[in-house]
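Thanks for coming. Please look at the structure while I talk.

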Amino acid sequence: MHTFFNVEDLGCLDKALDEAREIKQNRFGYQSLGKNRTLLMIFFNNSLRTRLSTQKAAMNLGMNVNVLDVNAGAWKLETERGVIMDGDKSEHLLEAIPVMGSYCDIIGIRSFAGLTDREFDYAETIVQQFVKYSGRPVFAMETATVHPLQAFADLITIEEHKTKARPKVVLTWAPHCRALPQAVPDSFAQWMNAADVDFVITHPEGYELDPKFTGNARITYNQMEALEGADFVYAKNWSCPGVTRPEDYGKILCKDMSWTIDSRHMAVTDNGKFMHCLPVRRGLIVTDDVIEGPSSLVIPEAANREISAEVVIKRMLEAL
Ligand code: CP
């Protein structure tokens with residue numbers, strides 16, 4: 001595996017899930033695979049889970065790990081071509097990328113959507129330059145449009161906690177005070193479409209995700225109807241994806257607090273489990289009682305980030 005952005009990059013999903021189960025039983029079983037190999041993790045944005053779980057996964061595989069916070073100590077990077085660099089940006093991405101590639105064997109990258117230019121974000125302009133110019137395998141640690149390590153961990157968690165062969169999984173929008181990217185719901189939709197689940201998406205009008213991720217998933221503006229009989233409730237905020245009105249891309253269109261997941265919502269599910277990728281803002285996305293209650297899977301879900309990362313890095317090491 002040379003890149004990891006989409007569910008298809010893993011090949012057979014059942015095999016990948018088997019591999020995740022095996023690694024979870026024996027996370028240090030492939031220590032020799034990463035010996036004398038270096039993972040470079042590059043962060044253009046903040047992180048807690050991705051940083052710690054991916055580093056742990058690489059160390060489980062015997063790798064050395066370098067972590068670069070681009071906005072904390074590195075030279076400020078220019079990303080446009082054809083500019084006179086007489087501002088505060090000292091280095092161009094097109095030199096920085098191959099230099100970074102020369103110090104490592106595999107690159108993980110986090111670079112969020114700017115939410116001002118849909119075309120730029122949805123072309124994955126920054127990350128694709130790493131793929132093109134680094135000379136190294138590259139995996140997403142959340143890019144402008146995808147967060148596959150999260151979606152893989154989400155699927156592992158659903159597999160571990162499902163009580164039916166084909167559970168009902170509902171992705172529901174929830175309110176937030178800041179405009180957030182669509183990467184988590186995009187990937188979650190893409191992965192649920194590939195998994196053997198009954199998948200439903202619910203959000204207010206105007207929040208339609210890009211059809212390249214939602215595929216044939218059922219979509220409804222009626223949240224309570226969507227949640228009826230759900231086995232898993234996956235809450236997430238996202239800003240306007242600009243699918244129906246490109247001029248609204250990245251905007252907050254709705255602050256309706258009736259979408260906040262509380263006991264009233266969970267009551268219509270079939271003993272549904274609550275999921276969220278974290279970090280989560282309580283009182284906006286979910287109430288304290290739901291996230292702290294017995295139905296909440298947020299901690300095991302976060303713990304599975306180590307497993308999803310280990311499967312992905314292991315496969316990249318095997319392909320070197
Ligand atoms: N879920 C997730 O990616 O968490 P971090 O932003 O803390 O890495």
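How much space lies in the second largest pocket? About 450 Å³. Keep in mind that this is a predicted model. Lining the second largest pocket are 23 residues, and nearest its centre lie Phe44, Thr79, Ser111, Phe112 and Ile126. By class, that lining divides into 11 nonpolar, 7 polar and 5 charged residues. Helix H5 gives the largest share, 3 residues.

The largest pocket holds about 690 Å³ of space. Its lining has 31 residues, and the closest to the centre are Arg110, Phe112, Glu142, Leu180 and Pro279. Helix H2 (49-60) and helix H7 (183-194) are the elements that give two or more residues to this lining. Here the classes are 14 nonpolar, 10 polar and 7 charged.

Now the rings. There are 8 aromatic pairs in the structure. One of them is Phe4 with Trp191, edge-to-face, at 6.2 Å centre to centre and 80° between the planes. Phe4 is in strand S1 and Trp191 in helix H7, so this pair ties together parts 187 residues apart in sequence. Both Phe4 and Trp191 are buried. Ring pairs also bring in Phe152, making a cluster with Phe4 and Trp191.

Another pair is Trp173 and Tyr207, which is tilted: 4.8 Å between centres, 45° between planes. Trp173 belongs to strand S8 and Tyr207 to the loop between strand S9 and helix H8, so the parts tied together are 34 residues apart in sequence. Trp173 counts as buried because its relative accessibility is 0%. Tyr207 is buried too, at 1%.

Last, charges over rings. The charged end of Arg51 sits over the ring of Phe43, 4.6 Å from its centre. Arg118 lies over the face of Tyr122, 4.0 Å from the ring centre.

Definitions and conventions. Residues are numbered from 1 along each chain as its sequence is written. This is a predicted model: local features need pLDDT of at least 70, side-chain atom pairs count only at pLDDT 80 or more; totals for chains, interfaces and linings use all residues. Side-chain values use heavy atoms; hydrogens and water are left out. On a 1 Å grid over the protein atoms alone, a cavity is a set of points where a 1.4 Å probe fits but cannot get out, and a pocket is an open set with protein on both sides within 12 Å along at least five of seven lines; lining residues have an atom within 4 Å of a point. Grid points are joined across faces, edges and corners, and a volume is the space filled by probe spheres set on the points. Helices (H or I, at least four residues) and strands (E, at least two) are DSSP runs, numbered from the N terminus. Ala, Val, Leu, Ile, Met, Phe, Trp, Tyr, Cys and Pro count as nonpolar, Asp, Glu, Lys and Arg as charged, and the others, Gly among them, as polar. Rings of Phe, Tyr and Trp (its six-membered ring) pair if their centres lie within 6.5 Å; planes under 30 degrees apart count as stacked, over 60 as edge-to-face and the rest as tilted. Buried means under 20% relative accessible area, exposed over 50%, partly exposed in between (1.4 Å probe, protein chains only). A charge sits over a ring if NZ of Lys or CZ of Arg is within 6 Å of the ring centre and within 35 degrees of the ring normal.
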